[in-house]
Amino acid sequence: MKPPAEVLYEEELNALEAHDKANKPASWRLSPQAVRTFLLGGNKPLKLGDKSVTISQKFFGDDLLVEQCIVTLAGNRGLMLIGNPGTAKTMLSELLSAAICGTSTNTVQGTAGTTEDGIKYSWNYAMLLDRGPVEEALVPAPLYRGMKGGIITRFEEITRCPQEVQDSLISVLSDKVLHIPELGENGVLFAQPGFNIIATANTKDRGVNDMSSALKRRLNFQTVKPISNLKLEMKIIESEASRLLEKAQIETPIDRDVLEILSTTFHELRNGVSLEGSKIDQPDATMSTAEAVSVYFQAAMNAHYYGEESISMDRLVQNMLGTVFKEDHEDLTKLKSYFTVVAKQRVNKSPLWSDFYQGKRWIK
Amino acid sequence: MDKVRVLGQSAFDLQGPLLFFPIRHHSPACSHHLEKIIREYKPEAILIEGPRDGNRIIPHLADKETQTPVAIYCSVKDRRGELGVSDKTYHCYYPFLDYSPELHALRLASEMKCEASFIDLPYSDYLPYHKADISYNSDYLLERSAYISLLCKKQGCRHFNELWEKLFEIDGFSMESLEFMIALLGYCVYARESYTQEDLLQDGTIAREKAMAQAIRKSQSKYNRTLVVTGGFHVKGIMDLLTEGQYEESTKESTPGDNLEKPESHSSLESQIYSMSYSFKSANQLGGYASGMPFPSFYQTLWEERGQANLHSRALLKYISLCGVQSRKKGSTVSLADEIEAYQVAKRLAALRGKREVGGYELIDSVISAFVKEDTTNTLSVAEEELSRLLVGSAVGTMTKLADTPPLVQDFYRLMKDFGLIKDSRKREVALQIYTRKKHRLESQFFYTMDFLDTHFCQKIHGPDFVTRTDMARVREVWSYQWNEETERSLIEKNMHGGTLSEVAQSFVGESLRENRTRAGEAAGLLIQSLLMGLQSTVAPLLDQLYAICQRDGGFSSLVDCLSHLNRCLDLDLLQSDSSRDRILDLISFTYQRCVSLLGYMGSLPQEEEIPFLDRLKEINYTQTKFPGCDGELFVDQLRELSQSTRTNRAICGAASGLLFGMKKLSSQEVILQTGSYLSGTGDQFLEASRFLLGLFMTARDILLTGDELIAGIDLFLEELEEDKFLTLLPQLRLAFSFFTPVEVDQIARRVVKHVTPLPQEAKTSPLSHLDKTTLLRIDEEVTEQLQEWGVL
């Protein structure tokens with residue numbers, strides 16, 4: 001299981017906190033500068049007791065986006081992260097939350113079944129019957145906890161929730177006040193400094209439940225774009241795949257040649273243009289970096305458990321099919337066309353590209 | 001940094017005979033400190049990095065009437081292809097904005113009555129190093145420096161321009177001048193370390209620095225205090241050359257009007273240099289030959305309001321508000337609360353990024369954060385587009401009247417003024433009543449000329465096209481126009497062809513004719529264009545050349561096109577002199593003769609070429625009926641030949657018969673017989689009937705409209721036709737009738753009805769009788785019942 005960011009990077013957060021001398025917004029654990037360093041990495045190792053802690057880079061590809069997110073959260077508006085699936089919106093939200101308030105687990109997981117109770121608060125009905133509507137009988141939900149504790153409330157996949165549920169955030173974001181009518185005169189919860197909301201939404205799912213313009217006005221939107229730099233994408237896939245394999249206790253080194261073919265294919269299909277400049281039909285399926293990591297990991301698992309020495313191109317193509325073919329048969333045709341036009345041109349480039357091209361036979 | 005301080009002490013000696021001031025082109029902060037230094041140092045001479053053959057332009061640039069943006073425009077024509085391509089013209093702009101240190105220095109020199117001159121190589125000497133359009137003040141050497149890349153990373157800046165803004169434009173205004181100069185010198189000296197001497201030799205940097213060092217030494221021998229204003233990158237290079245004495249003594253000193261020596265190997269390059277209007281839009285373009293800084297309008301605001309408290313915050317507020325207003329006008333829902341949020345986000349971003357104040361980049365990022373409420377993975381939002389437009393600005397400059405603007409450019413501006421056309425970078429439209437208003441006719445001639453000269457100034461949106469003869473029913477012309485640098489550049493380049501637009505157009509018409517020796521159609525098209533441009537004086541020599549071309553041209557299509565253009569010249573009354581009219585009549589007669597003589601060879605044209613040919617045949621017929629000087633008998637002979645030959649394309653055959661019918665050389669009975677011969681024919685001949693009719697109807701549509709004989713004849717044959725044969729023929733017949741207008745089809749249909757079921761006159765118009773109605777209702781009921789039985793209804 002993956003521990004939350006504040007546990008995974010506890011040392012780094014402690015080291016940054018110990019060395020942080022810049023001004024902090026009220027109730028923030030770290031200053032905006034230190035939050036940025038936590039996400040983008042530091043130049044020098046920091047001393048923490050007798051240890052030297054290096055701040056690793058955790059978010060790649062768009063430093064400006066990170067800065068814009070931090071300053072939004074330091075202000076009065078909530079942050080809305082939108083973008084294609086697999087662009088690390090959740091990871092960014094988690095890291096920001098961990099760095100700003102020390103916890104990333106105060107989260108609402110938005111679904112079609114999410115109710116207002118699940119966001120604000122509900123009741124312990126046994127106690128409610130016994131003692132009536134008193135504060136002790138109230139069961140806080142993430143929004144309540146965020147406001148009371150002055151911490152970030154993360155709202156994942158907000159557009160999957162019905163619009164009336166989304167709109168319950170409007171007055172909270174405007175006035176920073178939550179009314180609990182059941183508690184009578186005492187039923188007003190004022191948000192403590194440090195409270196804010198980070199919401200995420202997939203661009204492809206936006207049509208499920210559109211967001212009201214009133215709520216939009218209370219959030220600053222930031223688009224998390226796919227990584228545009230191929231080398232950087234390869235680096236990320238390598239590091240993430242290594243982490244997953246290590247966790248799965250599979251001791252196999254990353255095959256960089258295989259990784260290059262995988263990254264290049266994903267990069268080109270996503271952008272709709274080959275490195276040589278040819279136009280390519282883009283599949284509707286999500287060709288994200290996260291999906292590429294998953295394909296590599298699956299292919300490596302296959303190779304490991306079925307006694308193969310290395311990841312064969314056949315395995316790679318077979319696993320790639322699972323990503324490309326979700327529901328639309330057209331996508332398979334587009335992948336086939338990629339092999340026929342782009343991969344074929346590279347057959348003489350290396351034996352591996354030639355093997356990759358041969359993998360075309362698996363696309364049925 | 002000690003090395004830089006030592007260098008700085010030597011470069012920035014306010015008491016010494018020579019003072020260097022390093023700059024970045026178009027930097028308000030540099031201009032701010034430069035002014036302070038000039039006022040303190042009180043130089044006798046200011047030497048500026050700029051093309052030294054442009055010295056004669058300096059008084060005009062510094063003139064109070066000159067409004068920025070303006071530019072020095074250099075062009076080099078390589079006739080012999082010494083740089084690679086023959087007859088290629090290379091060009092570059094040297095733009096000046098209000099806050100460009102070079103222009104500010106020129107203005108201050110003029111104010112303080114001290115000598116100012118450019119000391120860099122002329123463009124023709126710099127060009128051979130690159131052999132491509134390259135700018136003097138492009139910052140590519142700084143941008144590509146490994147040191148600057150490293151510094152960008154360290155300072156958390158996305159690129160060179162943001163780094164520059166952070167270090168110099170934001171911090172610069174609050175720094176002491178000496179401190180600013182040392183910082184800038186250090187920045188440039190370390191950036192220079194990324195290049196080898198070989199790199200700088202190859203790209204011409206060393207040659208330029210040698211030329212500048214030599215000019216500085218000359219100035220020092222004449223003046224006691226010389227201020228040198230060059231790009232910061234060059235300061236160390238020039239100082240080293242001066243210390244080591246390694247500069248070219250052989251190069252002649254520049255004085256206004258001097259024709260400088262060019263490197264021997266490129267002595268045939270022809271160069272021009274002029275001042276011209278420029279725009280913020282072009283000043284914003286980075287790279288290529290149009291060098292500049294980003295956000296010219298934003299920096300102009302900072303420059304104009306320098307010295308005021310909270311300078312950057314005021315500019316931020318101004319642009320956020322403007323962007324909000326403009327975005328709302330474009331339908332965006334940006335609110336006042338969003339504007340407040342953007343302001344706060346920008347401030348917090350500046351603090352996070354360690355910037356003393358907000359700059360253009362914080363402005364952009366804050367607008368994206370607070371105004372944009374959508375996914376921008378693949379598109380720009382309205383707010384981003386509006387902000388980008390606002391940051392660039394739309395200002396266009398004007399040179400003083402004293403400037404040695406090329407006569408052609410002057411003529412262009414004079415005409416623009418005469419016609420009330422507006423000089424800015426917006427696209428506008430004008431509608432011209434070309435047949436009723438003389439001024440509009442002249443304005444139309446102006447637009448035709450600008451279009452002909454390929455100046456990127458205007459485009460005809462609507463109106464009659466006299467060359468292709470389309471849209472001739474229109475009585476208005478609608479033109480769109482937009483001033484841009486390309487127009488002025490293009491005119492400067494054409495300046496050598498004449499002093500007015502008319503002269504240049506005339507020269508280009510002549511040149512086109514000289515290149516065209518055998519294409520009469522194109523040459524006559526040029527005649528029409530000349531007349532549309534109002535070049536009446538070119539008509540006589542043009543007709544002489546056209547006559548010679550017609551003699552050489554053996555192409556039927558080209559000759560008929562020529563004939564057609566000549567006819568239009570007369571029809572449209574574009575000519576003003578009788579002698580030209582007579583000359584054209586002669587030419588028409590001659591060309592007609594040639595066309596008719598070639599007709600005999602045209603009978604076997606393939607089907608895909610027949611329609612254009614039939615149009616041309618009609619044009620010849622039109623000519624011979626209109627001009628008595630044209631020999632009609634010869635035409636009739638040729639038509640008979642085409643009409644009777646069995647090898648002739650059937651559509652051409654029909655067209656020839658139609659023309660003969662129209663000339664009363666063929667009776668309707670003969671035409672009917674001819675048609676019948678196809679309709680009663682066998683196999684392919686039967687199918688050719690429709691193509692015969694197609695040609696016939698194209699040239700003699702009145703044969704169906706005025707008489708009933710042909711209808712009766714066709715009907716006779718169709719009656720006897722078996723159904724499957726009729727169905728085979730039907731599509732072709734439809735095509736043949738498609739040349740009639742709907743009104744004509746209606747007329748023909750009435751005739752056919754009359755022929756097939758002659759009704760009593762009253763029955764045609766009287767309403768249905770009671771009996772008819774009863775019968776029809778009964779039929780309708782029966783049909784409905786039957787359809788219901790079949791399950792159709």
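This is a predicted model: local features need pLDDT of at least 70, side-chain atom pairs count only at pLDDT 80 or more; totals for chains, interfaces and linings use all residues.
Chain B has 793 residues, and 55% of them count as buried. Its secondary structure comes to 37 helices and ten strands.

The interface was examined next. On the side of chain B, 21 residues take part, and they are in contact with 25 residues of chain A. The two chains bury about 2,000 Å² between them. Carbon and sulfur atoms give 50% of that area. Within chain B, the residues that lose the most area to chain A are L352(B), K373(B) and D375(B). Together they account for 33% of what the chain B side buries.

Polar and charged groups also meet across this interface. The rule finds three salt bridges between chain B and chain A. In a salt bridge, the side chain of R77(A) meets that of D338(B), at 2.5 Å from N to O. Twelve residue pairs are in polar contact across the interface. Two helices of chain B, α16 (336-352) and α17 (360-371), each supply at least two residues of the side that touches chain A. The most comes from α16(B), with eight residues. By class, the chain B side holds eight nonpolar, four polar and nine charged residues.

Helix α29 of chain B spans residues 650-662. Its 13 residues reach 18 Å from the first C-alpha to the last, close to the 18 Å expected at 1.5 Å a residue. Twelve of the 13 residues of α29(B) are buried, so the helix is largely enclosed by the rest of the structure. The buried residues include R650(B), a charged side chain at the head of the list, and also I652(B), C653(B), L659(B), L660(B) and F661(B). G654(B), S657(B) and G658(B) are buried as well. At the start of α29(B), a side-chain oxygen of N649(B) comes to within 2.9 Å of the backbone nitrogen of A651(B). After the helix comes K664(B), with a positive phi near 60 degrees.

Helix α12 of chain A covers residues 230-247. It has 18 residues and reaches 26 Å between its first and last C-alpha, close to the 26 Å expected at 1.5 Å a residue. Its buried residues include L230(A), L232(A), M234(A), I236(A), I237(A), A241(A) and L245(A). E233(A) and E238(A) are buried too. The buried residues of α12(A) pack against α13 (256-271) and α14 (289-305) of chain A. At the start of α12(A), a side-chain oxygen of N229(A) lies within 2.9 Å of the backbone nitrogen of K231(A). Just after the helix, Q249(A) takes a positive phi of about 55 degrees.

Helix α15 of chain A runs over residues 313-324. Its twelve residues reach 16 Å from first C-alpha to last, close to the 16 Å expected at 1.5 Å a residue. Nine of the twelve are buried, so α15(A) is largely enclosed by the rest of the structure. Among them are M313(A), L316(A), V317(A), M320(A), L321(A) and V324(A). R315(A), N319(A) and T323(A) are also buried. The buried residues of α15(A) pack against α13, α14, α16 (329-345) and α17 (351-358) of chain A.

How values were computed. Residues are numbered from 1 along each chain as its sequence is written. Chains are lettered from A and ligands numbered from 1 in the order in which they are written. Side-chain values use heavy atoms; hydrogens and water are left out. Contact means heavy atoms within 4.5 Å. Buried area is the accessible area (1.4 Å probe) that two parts lose on being put together, summed over both. A salt bridge is a side-chain nitrogen of Lys or Arg within 4 Å of a carboxyl oxygen of Asp or Glu. A polar contact is a pair of N or O atoms within 3.5 Å; within protein, one must be able to donate a hydrogen and the other to accept it, and residues adjacent in sequence count only if both atoms are side-chain atoms. Helices (H or I, at least four residues) and strands (E, at least two) are DSSP runs, numbered from the N terminus. The expected span of a helix is 1.5 Å times one less than its number of residues. Buried means under 20% relative accessible area, exposed over 50%, partly exposed in between (1.4 Å probe, protein chains only).
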